[in-house]
Amino acid sequence: MHQFHYAGNKLHCEGVSLESLVKKFGTPLYVYSQNTLADHYQKLDRAMKPVDHMVCFAMKANSNLSVVRTLANCGSGFDIVSVGELMRVIKAGGDPKKCVFAGAAKTEAEIEFALKQGVYCFNAESEPELVRINKVAARLKKIAPVAVRVNPNVAAKTHSKITTGTYEDKFGIAFESIEGVYARASKLKNLRLRGVQMHIGSQITETTPFEKAVQKMLPLVAKLKARHHIEFFSIGGGLGIVYKGALESGSPSWWKTTAGKTILTPQKYADRLLPLLKPLGLKILMEPGRFITGNAGVLVTHVEYVKRTGRKNFVIVDAAMNDLIRPAFYEAYHQILPLNKKVRPTMSSDVVGGVCESGDYFCKDRPLPKFAAGEHLALMSAGAYGFVMASTYNTRPLTAEILVNGKQVAVVRERQKVQETWAGETVAPWLK
Ligand code: LLP
């Protein structure tokens, strides 16, 4: 459940109306609900309680320092994919010892920094990477904790750009090769084989692919435990969220649930997976990103113009694909709600940004309330892979980010000044 709701006609984040935030901070504006973040973390943490476990938030989904701190305060660990993310954890007051370091292209410098910080584990994606981690650890006279990412070759039934667990994908090491890889890695003196990891994809809305992958992994994991004394099995992230009709029902038709899909709740996930996992007697790690932050954030935008062409009604807004790229990149659906839900007719509309690309849209031919220039809309479920994937394309400054906690409001990232978009650039001396 998230804490975006209408009070009267006004869309609120927790105890604060989004209109009041727009007045103070302008648009486009990302707004996050702290209590939703904590609630999602706790729901998953509680559901997994019957086993020894650690939730490592995949901070690629949202790495704002306040989001990281909120989750660190809840006890979360972190799934990091760069030294930059590790430095963010440290800056936000999180614990490097609860970080798992993933990613297929770790550099020597990154491995060195992470080793010095004492990360919980390196999730390695190839044998040359294991060799490199061993070499850096030997130079530093340290023992590096490692896990190997297994590609279980299970289709996750999700968008092709976010499936990762089949042999068509670049991720991990093939299931059939794993035993040999562990045998060879066990001879590398500066490695400690601490665990084994898998991740089959993202935005998975059924439990079956997770179950299939875990079931396939079980005999292998048991063997690795017996032979190499591994301590943990990481089952990755990927828990999907509801994008269509993410707001509660009982509202007029255009924000009622239209998907007919049942939410993949943490309880359902745990009920199906725990009976499989418990007998292993290992610590279970999870790396959820979207599940924790997706429905905890929205992107608020201002309607600049409404333009009717022969066939279409274009609602042109001040946010664009550079601020939220998911619709352009994945044809992703984000529910669009007015900040003021006054009664009005429905109209089929395209909501589009101002970037010079035909891919710059948030929806096409969608029945929406008839919007007028000057009003504000919220793009829902924008808390995961939203701001973190933003760019300054078209020299559009990065948006501000706001954290709400009850009635408290903080600017957790200032709006970028346009001059800052060319900071660090120069005109070459010979051009002057
Ligand atoms: N663990 C690993 C190894 C991953 O590669 C990912 C996501 C996660 C965990 C977290 O997955 P989640 O729980 O958030 O599904 N930008 C795309 C999603 C890319 C996901 C990349 N890997 C989107 O906007 O849909």
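Ser 33 stands opposite Val 404 in strand 20. The model is predicted, with local features requiring pLDDT of at least 70 and side-chain atom pairs counted only at pLDDT 80 or more, while totals for chains, interfaces and linings use all residues. Residues are numbered from 1 along each chain as its sequence is written, and side-chain values use heavy atoms, with hydrogens and water left out.

Strand 4 (residues 29-33) pairs with strand 20 in the parallel sense over five bridges; strands pair if DSSP finds at least two bridges between them. Helices (H or I, at least four residues) and strands (E, at least two) are DSSP runs, numbered from the N terminus. Strand 20 also pairs with strand 21 (residues 408-413), in the antiparallel sense and over five bridges, with Leu 403 opposite Ala 410. Strands 20 and 21 form a hairpin with two residues between them, and Gly 406 in the turn has a positive phi of about 65°. Five of the six residues of strand 20 (residues 400-405) are buried, so this strand is largely enclosed by the rest of the structure. Buried denotes under 20% relative accessible area, exposed over 50%, and partly exposed in between (1.4 Å probe, protein chains only).

Lys 91, in helix 4 (residues 83-92), is exposed, with a relative accessible area of 66%. Its C-alpha atom is separated by 18 Å from that of Glu 401, 310 residues apart along the chain.

Cys 56 is buried at 0% relative accessible area.
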